[in-house]
Structures are given as C-alpha cells and as structure tokens.
Amino acid sequence: MNILAIGAHFDDVELGCGGALARHATNGDTVYVYVATVSGFSNQYDQSVRSSQVARAEADAAMDILGVQKMFCGEFKTLQIEFVDPLNIEILKLVQDLKIDMVYTHWVGDIHHDHLALSRASLHSCRHVPRLLMYRSNWYHSTVDFRGNFYVDITSHWDQKEKAILAHESEMERTGRKWVSFFRNEAENAGQRIGVKYAEVFEVVKWLQL
C-alpha cells in the first residue's frame with residue numbers, strides 16, 4: 001500500500017501521525033511525505049526563529065527514523081499557504097504519480113492558517129483516494145470539535161515517534177520539549193480509551209475497506 005502524509009511544515013507529520021507512519025513502514029507499506037512550506041519563520045519583530053535550512057536538515061533526520069521512503073518539499077512560504085490551484089495541483093500530481101492508496105492530512109478544524117489551507121487542499125486534491133484520515137499536530141483550541149474516531153496502536157512505535165520529534169532540535173530548544181510531553185500524554189490517553197499503551201487517534205474522512 002502506498003501512503004502519503006501531508007504536512008504544512010517540517011515536524012507536523014511527526015507530531016500528528018509519526019507513529020502510524022512508522023507502523024506502515026514496518027509493515028511493508030511505502031510511505032511518502034509531502035511538506036508544503038520551506039518552514040523557516042520569524043517572530044513578530046522580523047527576527048529569524050528557525051531557518052529553512054535547519055528545518056529541512058532536521059526533517060531529513062526525522063524521516064529516516066520513521067522509515068519514510070521519500071519526502072517531497074514544496075516551496076510555499078511559511079504562514080502564506082492559501083487554498084489555491086498551485087497547491088492543489090502539486091498534491092494532485094503526487095497522488096496520481098505515486099498511486100497513493102491512503103492519505104494522512106491536517107484536521108480541517110485546525111485554526112492554524114497553513115494547516116487549515118492545506119487540509120482543504122488535501123480534501124480537494126485527494127478526492128479519488130479511497131482512504132483519508134485527518135490528524136492534529138498542535139494544541140490550539142478551535143470552535144469545532146475534533147471527532148477522533150479512528151485509532152492506531154503505536155505502542156511498538158512510540159520510541160520512533162519520540163525520536164523523530166526530538167530530531168527537530170531547534171524546535172525542542174524553542175519549546176522546552178513541551179511537544180514531547182504533550183504528545184506522549186495524548187498517545188497515552190488515546191491508548192487508554194482503546195486498551196493499548198500508546199495510540200494515535202484520527203478523524204475519518206473516508207475509508208474504503210479493501
């Protein structure tokens with residue numbers, strides 16, 4: 001099975017579905033990742049917080065940890081993604097050229113500008129893909145509920161997910177490693193609901209049983 005995980009920035013798929021991707025790779029599926037932006041960004045005073053070069057290098061290391069076959073990188077600027085045809089076409093070409101069977105993408109209720117735009121583009125461009133799940137990659141509140149209704153047991157792959165998150169050393173330094181503890185708690189809570197140690201939970205858009 002050919003899997004495509006779609007993220008706005010380097011580290012989104014690691015946080016949102018890194019365990020599931022590692023599980024796919026271990027089970028023999030071919031895993032691809034598409035990251036739409038160059039991922040470098042500055043603060044409100046126009047001071048660089050993370051360079052695109054550092055973000056890319058850290059993402060390359062994370063992909064190796066998860067067993068990703070290849071990462072495709074867009075050139076959209078961080079915080080400037082829009083639901084426009086150039087983005088839709090980029091995703092559509094990947095879906096068709098790679099013969100994708102299943103897609104993971106951002107949750108459409110995410111309030112982050114880039115996440116929301118990319119989710120809409122994914123729903124549009126992946127309309128012929130038989131399986132599509134949405135993930136959360138942050139803790140921002142939204143005015144709509146995330147309806148997590150699909151669980152993946154990542155107990156055997158939590159260590160890979162954690163290492164992939166930690167590969168983003170510049171973000172770990174900036175956030176004080178809060179992402180790791182937050183997503184470990186999320187995985188433990190999801191696991192308790194489904195009777196395993198660690199799980200990732202997704203919202204189903206569509207699922208064709210093969």
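The side chains of Glu171 and Arg174 meet in a salt bridge, with 2.9 Å from N to O; a salt bridge here is a side-chain nitrogen of Lys or Arg within 4 Å of a carboxyl oxygen of Asp or Glu. Glu171 and Arg174 are three residues apart in helix α6 (residues 169–175), and so are separated by about one helical turn. Glu171 counts as buried at 6% relative accessibility, whereas Arg174, at 44%, counts as partly exposed (buried means under 20% relative accessible area, exposed over 50%, and partly exposed in between, with a 1.4 Å probe and protein chains only). Helices (H or I, at least four residues) and strands (E, at least two) are DSSP runs, numbered from the N terminus.

The model is predicted, so local features need pLDDT of at least 70 and side-chain atom pairs count only at pLDDT 80 or more, while totals for chains, interfaces and linings use all residues. Residues are numbered from 1 along each chain as its sequence is written, and side-chain values use heavy atoms, with hydrogens and water left out.

| Salt bridge | Closest N and O atoms | Location |
|---|---|---|
| Arg56 and Asp60 | 3.1 Å | both in helix α2 (residues 52–66) |
| Arg184 and Glu162 | 2.8 Å | helix α7 (residues 178–194) and helix α5 (residues 158–166) |

Arg56 and Asp60 are four residues apart, about one turn of the helix; Arg56 is partly exposed, with a relative accessible area of 35%, and Asp60 also counts as partly exposed, at 32%. The salt bridge between Arg184 and Glu162 joins helix α7 to helix α5, and therefore ties together parts that are 22 residues apart in sequence. Arg184 is partly exposed at 25% relative accessible area, while Glu162 is buried at 19%.

Nine aromatic pairs are found in the whole structure, where rings of Phe, Tyr and Trp (its six-membered ring) pair if their centres lie within 6.5 Å, with planes under 30 degrees apart counted as stacked, over 60 as edge-to-face and the rest as tilted. One of them is the tilted pair of Tyr32 and Phe72, at 6.1 Å centre to centre and 50° between the planes. Tyr32 lies in strand β2 (residues 30–37) and Phe72 in strand β5 (residues 70–76), so this pair ties together parts that are 40 residues apart in sequence. Tyr32 is buried, with a relative accessible area of 14%. Elsewhere, Trp139, Trp179, Phe182 and Phe183 form one aromatic cluster.

The largest nonpolar core has 36 residues, and those with the most contacts inside it are Val13, Cys17, Leu21, Val33, Met63, Tyr104 and Phe202; such a core is a set of buried Ala, Val, Leu, Ile, Met, Phe, Trp, Tyr and Cys residues joined through side-chain atoms within 4.5 Å. Among the elements that each supply at least two residues of this core are β1 (2–7), α1 (12–26), β6 (102–106) and β7 (131–135), and the largest share, six residues, comes from α1. Apart from this core lies another, of 24 residues, among them Val95, Trp107, Ala117 and Ala121.
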